[in-house]
Amino acid sequence: AFPSGVQVSHDSKWALIADTGNNRIRRLDLSTMETSLIAGPGLPDALPGTDGVGSAATLSRPNGIAILPGDTWAVIADTAADRIRLLSLDGEQAYLPGSGFQFCTQCPANWHSKAPGSFSCQ
């Protein structure tokens, strides 16, 4: 439980919920009030930041969420993984591509971000 972020779609037909305590993103149909799993296996010890489809995409304490115009992408604050992630909303399928940004721990300033797997500070 412990939902911490909710964002309603631009057509007001559904909403995404950042279910922080369960490490999941859920979709709520606002006409039926039924929820469905969009991303995250809900495992407390899952390796954070793993990309994949649906429950194969692991999250670590997702907090904030925003749906981008067009209702096909959402941005998630994957808090404990120290990443901002893109969530593709493709009908019933969703996946988290390798799009996270992490704070650079190699630089003394540590104020900018870099793409995961990048060893350069930009």
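Here are some questions and answers about the strands, core and surface of this predicted model.

Residues are numbered from 1 along each chain as its sequence is written, and side-chain values use heavy atoms, leaving out hydrogens and water. In this predicted model, local features need pLDDT of at least 70 and side-chain atom pairs count only at pLDDT 80 or more, while totals for chains, interfaces and linings use all residues.

Q: Why is Val-6 called exposed?
A: Exposed means over 50% relative accessible area, buried means under 20%, and partly exposed lies in between (1.4 Å probe, protein chains only). Val-6 has a relative accessible area of 56%, so the word exposed applies. You will find Val-6 in strand S1, residues 3–8; strands here are DSSP runs of E with at least two residues, numbered from the N terminus.

Q: What makes Val-6, Val-8, Leu-30 and Met-33 a patch?
A: A patch takes residues with over 30% relative accessible area and no salt bridge, and nonpolar side chains (Val, Leu, Ile, Met, Phe, Trp, Tyr) are joined within 5 Å. A salt bridge would be a side-chain nitrogen of Lys or Arg within 4 Å of a carboxyl oxygen of Asp or Glu. Val-6, Val-8, Leu-30 and Met-33 form such a nonpolar patch on the surface, with about 350 Å² of accessible area together, by the Shrake-Rupley method with a 1.4 Å probe.

Q: How do you know that S1 and S2 pair?
A: Pairing requires that DSSP finds at least two bridges between two strands. S1 and S2 have five, in the antiparallel sense, and one puts Val-8 with Ala-15 in S2. S2 is also joined to strand S3 (residues 24–29) by six antiparallel bridges, with Asp-29 in S3 as the bridge partner of Trp-14.

Q: Why are S1 and S4 called edges?
A: The open sheet has four strands in the order S1-S2-S3-S4, with antiparallel pairing. S1 and S4 each have a single partner strand, so one side of each lacks a neighbour in the sheet.

Q: What makes S2 largely enclosed by the rest of the structure?
A: Six of the six residues of S2 are buried, so the strand is largely enclosed. Trp-14, Leu-16 and Ala-18 point one way, while Ala-15, Ile-17 and Asp-19 point the other.

Q: Which residues touch the most other members of the largest nonpolar core?
A: A nonpolar core is a set of buried Ala, Val, Leu, Ile, Met, Phe, Trp, Tyr and Cys residues joined through side-chain atoms within 4.5 Å. Among the 14 residues of the largest one, Leu-16, Ile-25, Leu-87 and Leu-89 touch the most other members. S2 gives the most to this core, with three residues.

Notes. Patch = residues over 30% accessible without salt bridge, like charges linked within 9 Å, V, L, I, M, F, W, Y side chains within 5 Å.
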